[in-house]
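Colleague: Please take me through this model one feature at a time, with the general idea ahead of the particular case.

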Amino acid sequence: MTVIYQTTITQIGASACLALEDSMLITFREGASADIEEYCFIHCHGELSGSLHAGAALELGEHRYPVTAVGDVAEQNLRELGHITLRFDGQTTAEFPGTVHVAGPVPVAIAPGCVLKFLA
C-alpha cells in the first residue's frame, strides 16, 4: 500500500474527545474558526495524492484500520478543508456524505504529534 495522505495532529479542541465517545473522530486543518476548532482534532494539512475508497486503510499512530465506506464528499472535504469525520463502526455504506467508516476499536488516546495517514 502507498501513502496517499499524511498529516500530524497539532492540537485537540476542548470538546473533540467527546466525539470519540460516539465512535467518531473529526478532523479539520489548522486555521479553522474557533467554534469549529473546539470539536475537532486540528492538523497541519497534507496533500491527498490518490483516491479515498473502501479497501484503503487508515493509520492513526500505531494502529491500522481498514476503510469500509467513504461518503460522496469525504474525499473533496479532506482535500479542500482537511475535514473528515471518521466513524469506527465498520459500516459498509456511508451514513453521511462526509463520513469515512473504518473497522476497529475507537482510539483511547490521541495526543498532539499523532500521525494520521491514508494508504491505498
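Predicted model: local features only at pLDDT ≥ 70, side-chain atom pairs only at ≥ 80, totals over all residues.

Colleague: Is Cys44 buried, partly exposed or exposed, and is Cys40 buried or exposed?

Modeller: Buried means under 20% relative accessible area and exposed means over 50%, with partly exposed in between (1.4 Å probe, protein chains only). Cys44, with a relative accessible area of 31%, is therefore partly exposed, whereas Cys40, with 3%, is buried.

Colleague: Which residues have the most contacts inside the largest nonpolar core?

Modeller: In soluble globular proteins, nonpolar side chains tend to be buried together. A nonpolar core is here a set of buried Ala, Val, Leu, Ile, Met, Phe, Trp, Tyr and Cys residues joined through side-chain atoms within 4.5 Å. The largest such core has 25 residues, and Leu25, Leu86, Val100 and Phe118 have the most contacts inside it. Among the elements that give two or more residues to this core are strand E1 (3-12), helix H3 (74-81), strand E7 (99-102) and strand E8 (115-119); helices (H or I, at least four residues) and strands (E, at least two) are DSSP runs, numbered from the N terminus.

Colleague: What does Val100 touch, and which residues of E7 are buried on each side?

Modeller: In a regular strand the side chains alternate between the two faces of the sheet. Both faces of E7 are covered, with Thr99 and His101 buried on one side and Val100 and Val102 buried on the other. Contact means heavy atoms within 4.5 Å; leaving out residues up to four places away in sequence, Val100 touches, among others, Leu52, Val67, Ile84, Leu86 and Phe118. Thr99 is buried at a relative accessible area of 4%, and its contacts beyond four places in sequence include Ala69, Ala74, Thr85 and Ala94. The C-alpha atoms of Thr99 and Ala74 are 5.8 Å apart, although 25 residues separate them along the chain.

Colleague: How many bridges join E5 to E7?

Modeller: Two strands pair if DSSP finds at least two bridges between them. E5 and E7 run antiparallel and are joined by 3 bridges, with His101 as the partner of Ala69. E6 and E7 pair in the parallel sense over 4 bridges, and there Thr85 stands opposite Thr99. E4 and E5 are antiparallel, with 4 bridges, and Glu59 stands opposite Arg64. The hairpin of E4 and E5 has 2 residues between the strands, and Gly61 in it takes a positive phi near 65 degrees.

Colleague: Which residues of H3 are buried?

Modeller: An α-helix has 3.6 residues a turn, so residues three or four places apart point the same way. In H3 the buried residues are Ala74, Asn77 and Leu78. They lie on the same side of H3 because they cover an arc of only 100 degrees around the axis, the arc being that of the directions from the helix axis to the C-beta atoms. Their cover includes E1, E5, E6, E7 and E8. Gly82, which follows H3, has a positive phi near 65 degrees.

Colleague: What joins the side chains of Thr7 and His43?

Modeller: A polar contact is a pair of N or O atoms within 3.5 Å; within protein, one must be able to donate a hydrogen and the other to accept it, and residues adjacent in sequence count only if both atoms are side-chain atoms. Thr7, in strand E1, is joined to His43 through a side-chain polar contact of 2.8 Å. Thr7 counts as buried at 3% relative accessibility, and it also touches Cys44 and Cys114.

Conventions: Residues numbered from 1 in each chain as written. Heavy atoms only, no water.
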